[in-house]
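Please look over the model shown here before reading on. The notes that follow are grouped by topic.

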Amino acid sequence: MLEQMIQMAGWIVLQTAILLLLAPLVQGLIKKSKARLQSRIGPSILQPSYDIIKYLKKDAVISDKASWLTRVAPYIAFTAVITAGLLVPTFIVNAPLGVAGDIIMVIYLLGLARFFTALAALDAGSSFGGMGSSREMALGAIIEPAFLLALFTVCLLSGTTKLGQIVQVMSGKEWALIDPSYALAFLAMFIVVIAETGRIPVDNPDTHLELTMIHEGMLLEYSGRYLGLMLWAAEIKQLIMLNLFISAFLPWGMALDWSSIGAGAAIFIYGLKLALLGILLAVIETAYAKMRLYKVPKLLAASMALSVLAVIMRVVM
Amino acid sequence: MLKNKKLFLTRIKQQLGEKILSFTIRQPNETEIVVKKDQLAEVCRFLCQEKEGRLFTMVGSDEREFAGSFVLYYVFSFDETQQFITVKTMTPEEDSTFPSLAAEFPALNWYEREVKDLLGLRPQGHPDLRPLILHGDWPEEIHPLRKEFDVSQNAPRVKSRESFMQYEGDEVTEIPVGPIHAGIIEPGHFRFGAVGDTVLYLDARLFFTHRGLEKASEGMPLSKALFLAERICGVCALSHAVSFAQAVEAAAAVEIPLRAKYLRTLFLELERLYNHIGDVGNICAGFGFAVGVSQGTILREELLMLNERIAGHRYLRGIVDLGGVRFDIAHPDYADILSTLNKIEIGFTELVDILLSHDIAVDRMSKTGILTLKQANDLEVVGVAARASGRNIDIRRDQPYAAYDKVSFTVPVYTEGDVLARIRVRIDEVFQSISIIRQIFIQMPTGDVSVGLPPISPYARGMGWVESSKGETVHWLMTGPNETVERYRVRSATYSNWPAVALAVPGNIVPDFPLINKSFELCYACCDR
């Protein structure tokens with residue numbers, strides 16, 4: 001019993017470390033790929049990590065109009081996101097907190113982080129924060145159902161909402177996994193990943209134009225360590241979205257137990273999948289431009305339609 | 001043509017008859033009409049509406065020392081006969097007011113407020129008397145362009161009189177933006193009244209970079225003031241320098257050598273090229289299209305490096321001299337320019353193909369930020385924005401200067417008035433500019449590149465104008481004793497076009513504002529001076 005608990009604790013620490021360290025690296029990789037695609041040299045892959053270290057060392061300036069909410073929100077968002085991250089498998093078929101919650105828990109932990117970020121953005125009374133949070137919540141109301149629908153297709157495929165079991169079932173199917181409904185759900189989920197990570201064509205993470213911002217707009221009032229935490233949380237959330245995507249749609253090569261050879265290979269394959277997905281996001285971001293704000297719901301509606309088709313196909317076939 | 005001009009002027013003189021005090025032909029292309037203040041409205045109405053003149057610039061000047069009163073000049077351009085008519089009216093110090101025509105000619109709104117701020121003459125009947133050039137914390141009774149105001153004087157700051165549009169109702173959100181922005185952008189304060197994300201009204205507060213350049217130029221030797229003109233704005237440096245030089249040359253009644261004219265044309269087109277190509281790239285940043293931004297930047301950089309190689313300055317400063325240009329270029333430069341342009345033409349064609357076949361990009365640009373022809377005409381909008389709204393003006397063709405009467409080019413005109421039309425005008429003009437430069441090298445005459453100026457008599461007037469990449473830029477100059485500046489008024493393209501931005505935005509959504517603003521691409525420094 002004690003041994004099991006130590007093992008569990010060790011796993012939690014390991015997965016937390018993976019989330020904390022890997023998230024800025026993935027961000028760095030995406031930025032670097034984007035720069036190369038745009039004929040720029042771009043900053044080092046480690047730059048987002050350096051940035052976070054820099055922000056965490058800095059003191060924060062907070063508006064005197066802001067309440068305690070502004071101070072507390074980054075911690076809540078950060079904790080919620082990390083907890084969600086511990087529910088999603090990375091390179092091994094189960095997640096450390098897999099016993100504690102399922103897919104729906106992940107979605108709503110991310111929803112909690114979104115809620116507090118938006119609330120804190122309204123707190124200081126700046127108009128950019130208000131615009132950012134109103135846009136984020138309006139889009140969130142459409143992203144969440146699209147997200148749920150896309151994952152339900154997967155749940156239907158595997159007959160459970162537990163991520164660990166989903167991965168086991170999915171990877172057990174080997175190549176038989178790929179069928180029309182899989183392809184439709186794959187696309188639906190990919191659109192959700194783009195929307196949830198705040199990337200083009202939904203949001204532009206690199207813009208300095210305050211009036212066009214969605215997620216960045218909510219962070220404009222933050223500085224120093226609070227900003228660092230918020231940015232880190234956003235990067236971890238991005239990693240979680242990719243982890244979810246990998247677990248549900250690219251489960252091949254994941255380790256089934258902790259045997260050293262299997263785990264080693266699985267870590268390598270996991271890294272490869274992340275890198276490829278990151279580069280794919282960068283390619284999409286370079287090839288597309290940002291859509292008109294009021295056309296974004298149509299894109300998400302398309303994702304939902306794909307999910308519904310996938311579900312129907314699953315039931316009919 | 002000459003006969004037409006004469007006929008045109010004689011008819012105007014006859015029709016105005018008693019209303020005018022005097023009618024003088026000052027220069028082959030400029031006629032001065034002196035009127036009493038109370039006849040001003042009628043004469044301007046006649047010139048604008050019946051003779052289809054367009055307001056070119058309006059200048060207020062403190063001439064109490066040598067003429068005994070303040071003087072207002074309204075310059076109208078008659079593109080068809082290539083004429084200017086200046087309507088001049090005097091107002092003594094005791095009665096420091098003048099009739100406002102802004103309600104009838106919206107384009108005069110800013111000019112009249114500027115005269116009020118800087119000279120302290122009140123436009124009577126002006127619908128919007130808020131401070132314009134000087135911000136609300138500047139004392140209301142201090143007017144910098146009056147001669148008694150000393151440049152070194154520090155004006156005390158008072159409680160701000162700034163006010164913005166007031167909104168009623170809970171649904172309207174007021175969104176203040178700037179003057180300090182997140183990117184490296186010049187300062188401007190924008191206040192949106194918005195319902196949700198839809199803009200109802202836009203209040204733009206500019207003139208944060210008002211440096212009092214016109215005041216600073218007073219008493220400055222003309223040769224030194226040229227450097228001041230060159231530094232009004234970074235990306236229009238050459239346009240301002242050429243405009244100023246042309247104003248001085250007009251005051252001195254001097255013709256510059258033909259080769260100098262060609263060289264000025266060449267450099268002016270190079271300035272347009274790097275601006276237009278850079279602007280096309282920059283507009284892409286408005287909808288986050290990174291490929292467009294980076295390709296635009298790369299092409300612009302190629303052109304800036306070309307500028308440095310042939311002129312020694314990336315932004316083409318230090319080229320123009322009063323009476324010509326400062327240096328000549330040789331055959332290796334010709335080859336360098338032509339081969340760089342060939343490269344640019346290929347790269348730019350590729351960029352345009354990508355951009356105009358990109359669905360999201362075209363969707364973001366079309367029907368966004370529409371400026372109607374009526375609005376453009378009422379505000380006397382110039383340049384790219386005018387041509388994109390169907391207003392067919394281009395001062396290179398309409399009142400040719402430098403060597404523009406010797407090269408052939410077409411003026412692209414679109415009627416949609418949206419962001420897409422504005423980017424299309426720029427794209428077409430890039431190819432026209434390349435063609436103009438090629439023609440220059442075929443025609444380039446030999447000879448001197450500058451001529452000495454004769455002594456210029458005090459209180460001589462001259463006007464210089466250039467179609468910069470933003471639109472027509474007009475410099476109005478009156479010389480003082482010993483070849484100094486007495487009064488210098490810069491009316492840049494952006495000064496004419498800023499009020500139009502505020503009209504193009506309402507009805508669009510807030511996140512489209514940066515895109516609309518970029519499509520006008522107005523410099524703040526040019527406007528604020």
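Strand β4 (residues 69-78) of chain B pairs with β5(B) in the antiparallel sense over 9 bridges. Strands here are DSSP runs of E of at least two residues, helices are runs of H or I of at least four, and both are numbered from the N terminus; two strands pair if DSSP finds at least two bridges between them. This is a predicted model, in which local features need pLDDT of at least 70 and side-chain atom pairs count only at pLDDT 80 or more, while totals for chains, interfaces and linings use all residues. Residues are numbered from 1 along each chain as its sequence is written, and chains are lettered from A and ligands numbered from 1 in the order in which they are written.

**Around strand β5 of chain B**

- Opposite Thr31(B) stands Ile85(B) of β5(B).
- Strand β5 (residues 83-91) of chain B is largely enclosed by the rest of the structure, because 8 of its 9 residues are buried. A residue is buried if 20 or more other C-beta atoms lie within 10 Å of its own, exposed if 12 or fewer do, and partly exposed in between, with C-beta atoms placed from the backbone.

**The β8-β9-β10 sheet of chain B**

- In chain B, 3 strands form an open antiparallel sheet in the order β8-β9-β10.
- β8 (172-177) and β10 (198-205) of chain B are the edge strands, each with a single partner strand, so one side of each has no neighbour in the sheet.
- Neighbouring strands of this sheet are turned against each other by 20° on average, direction ignored; the axes are lines fitted to C-alpha atoms, for helices over the stretch in contact, and angles run from 0 to 180 degrees between N-to-C directions.
- Strand β9 (residues 189-195) of chain B is joined to β10(B) by 7 bridges in the antiparallel sense.
- Gly193(B) has Tyr201(B) in β10(B) as its bridge partner.

**Domains of chain B**

- Chain B is divided into domain 1 (2-124), domain 2 (172-205) and domain 3 (256-457 + 495-528), with bounds from an automatic or database domain assignment.
- The C-alpha centres of domain 2 and domain 3 of chain B are 27 Å apart.
- Between these two domains, 13 residues of domain 2 are in contact with 13 residues of domain 3; contact means that the C-beta atoms of two residues, placed from the backbone, lie within 7 Å.
- On the side of domain 2 of chain B that touches domain 3 of chain B, β10(B) gives the most, with 6 residues.
- By class, that side has 9 nonpolar, 2 polar and 2 charged residues. Ala, Val, Leu, Ile, Met, Phe, Trp, Tyr, Cys and Pro count as nonpolar, Asp, Glu, Lys and Arg as charged, and the others, Gly among them, as polar.

**Contact between chains**

- Chain B has 23 residues in contact with 23 residues of chain A.
- On the side of chain B that touches chain A, β8, α9 (290-311), α11 (359-365) and α17 (513-520) of chain B each supply at least two residues.
- That side has 16 nonpolar, 4 polar and 3 charged residues.

**Ile437(B)**

- Ile437(B) is found in helix α15 (residues 419-443) of chain B.
- Ile437(B) counts as buried because 21 other C-beta atoms lie within 10 Å.
- Not counting residues up to four places away in sequence, Ile437(B) touches Leu266(B), Glu269(B), Ile337(B) and Leu341(B).
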